[in-house]
Structure formats: C-alpha cells, structure tokens
Amino acid sequence: MIDYFEALSGAEQEQVSESIRLLYRQTFLLERTYDRKAKRSQTNPAFYDCNRHLEFIQKYFSIMGIDSQLGLIYIRGEQVVGEKLPKLATLYVLILKLIYDEQMSSVSTSANVVTTLSEIHEKLATYRLLKKQPSVSEIRRSLAMLKKYQVVEPLDVLEELDGFSRLVVYPTIHVILMGDDVRELLETFREGEEEDGESEI
C-alpha cells in the first residue's frame, strides 16, 4: 500500500491526501453536485480522484470499510460516528428518504431528486410528526446541517426560505437509511417515544 502511494508524483500524493481528508471529514463524496450559480449539476473532482485510486483508498480505510455506488463514495461501518442531529433534521432525513424512493420508483434518468420545503412539511403533517410549525431558524439550521453532509443542496438561498424553496436530494440519502429503517423510525416517532431525542448521521 505504501509502495503505491510513494510511486505517485508529489502533486498526485497531495491530491490523494486532500481527497482522503475530505472523504474522512464528510463521510460521503458525490460524483455530481448541484451548482446554484451555474444552475446545473457539475462533476466533483475529488470523487474522480478517489475513484481513480479507489483500490488504494479502500485499503487505507480497510478497518472502517469504504464503498462506492450510485455515483457516491462513502465510508461505512459502525466505526463511523456521526454528528448529533436535532429532531427536525432527523425528521427531514426520514421524509427525504420517502420522497427520494417515491421519485426514483418512477421513470427517472437522474440519480438526484428535486423536492420543495412545502412537500416535506406536507408529508410530515401526513405522518403527524410535527406538533407545531418549526421556526424559520430551526428549518435553516436543519437544512444547513443536511447540506454539510451532502444530503441536500438548496436550489434557493437559505435566507429566503418559503414553501416553494427547492432542494436537490442526493443519493447519499439512500445509504443513510434503508426503506425498512424509515418505516420503523416513523413508527417510533409516531408513538412519541423520542419526543425530544437526537440521532446521528
């Protein structure tokens, strides 16, 4: 493994090291991300760098485990300890997974899904998961956290949130939660057992 790394040029070594640091910091590396200024998806150079050296990086992370699917490279396993999510962000993850699965089950040529804040809140209401409307600051905080972990990309400015605010849902959501996990967690929330709890991403 060390021989492979040492055979790379100094510039390649630095590039691989930076990509590994980014992957470790974010847990996920997406192949394509949405650029709000350009108004289109763009390729992620760090993803391709990791993909080019994937065998080496898999060995590097062999204790934790690393996987690649759906235009996504990610660290997996119980050793990955995520940041605590507030309840609203957790609820968003659950609903975004449902929306992602619904849209992907229809004919789609993209790995990404687009939804709106009002659609998310309507589904939360349908499942009776919100007792009261969250504040704008809570919504912004939750979306900013999910953006940080590349779960969503707001297409509109977070400071100007309303029901029409659009979000790209990345395939990251697919590896965070499986369909059965969503249904179980929805039941837990519906029963009110985790009224003020936190979860991890």
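Colleague: Which residues are buried in α2?
Modeller: This is a predicted model, in which local features need pLDDT of at least 70, side-chain atom pairs count only at pLDDT 80 or more, and totals for chains, interfaces and linings use all residues. Residues are numbered from 1 along each chain as its sequence is written, and side-chain values use heavy atoms, with hydrogens and water left out. Helices (H or I, at least four residues) and strands (E, at least two) are DSSP runs numbered from the N terminus, while buried means under 20% relative accessible area, exposed over 50% and partly exposed in between (1.4 Å probe, protein chains only). In α2, the buried residues are V16, S17, S19, I20, L22, L23 and Q26.

Colleague: What is the distance between the end C-alpha atoms of helix α2?
Modeller: The expected span of a helix is 1.5 Å times one less than its number of residues. Helix α2 covers residues 10-26, so its 17 residues should span 24 Å. The end C-alpha atoms agree with this, at a distance of 24 Å.

Colleague: Is Y24 buried or exposed?
Modeller: Y24 lies in helix α2. Its relative accessible area is 52%, so Y24 counts as exposed.

Colleague: What separates the C-alpha atoms of Y24 and Y74?
Modeller: Along the chain, Y24 and Y74 are 50 residues apart. In the model, their C-alpha atoms are separated by 8.8 Å.

Colleague: What phi does K39 have?
Modeller: Most residues other than glycine have a negative phi. K39 sits in the loop between β2 (32-35) and β3 (40-43), where it counts as exposed at 65% relative accessibility. Although K39 is not a glycine, its phi is positive, at about 60°.

Colleague: Where is R128, another residue with a positive phi?
Modeller: R128 is not a glycine either, and its phi is near 55°. At 66% relative accessibility, R128 counts as exposed. Its place is the loop between α6 and α7.

Colleague: How many aromatic pairs does the structure hold?
Modeller: Rings of Phe, Tyr and Trp (its six-membered ring) pair if their centres lie within 6.5 Å; planes under 30 degrees apart count as stacked, over 60 as edge-to-face and the rest as tilted. By this rule, the number of aromatic pairs in the structure is three.

Colleague: What is the angle between the planes of F47 and Y48?
Modeller: F47 is buried, at 5% relative accessibility, and Y48 is partly exposed, at 32%. Their rings pair at 5.3 Å centre to centre. The pair is edge-to-face, the angle between the planes being 85°.

Colleague: Which residues touch the most other members of the largest nonpolar core?
Modeller: A nonpolar core is a set of buried Ala, Val, Leu, Ile, Met, Phe, Trp, Tyr and Cys residues joined through side-chain atoms within 4.5 Å. The largest one has 28 residues, and α5 gives the most to it, with 11 residues. The residues touching the most other members are Y92, L96 and I120.

Colleague: At what angle do α5 and α6 pack?
Modeller: Axes are lines fitted to C-alpha atoms, for helices over the stretch in contact, and angles run from 0 to 180 degrees between N-to-C directions. Angles under 35 degrees count as roughly parallel, over 145 as roughly antiparallel, 65 to 115 as roughly perpendicular and the rest as oblique. α5 and α6 are therefore roughly perpendicular to each other. Their axes are 10 Å apart, and the packing angle is about 105°.

Colleague: Which residues does K123 touch, not counting those up to four places away in sequence?
Modeller: Contact means heavy atoms within 4.5 Å. K123 lies in helix α6 and is buried, with a relative accessible area of 17%. Beyond its sequence neighbours, K123 touches I95, I99 and E102.
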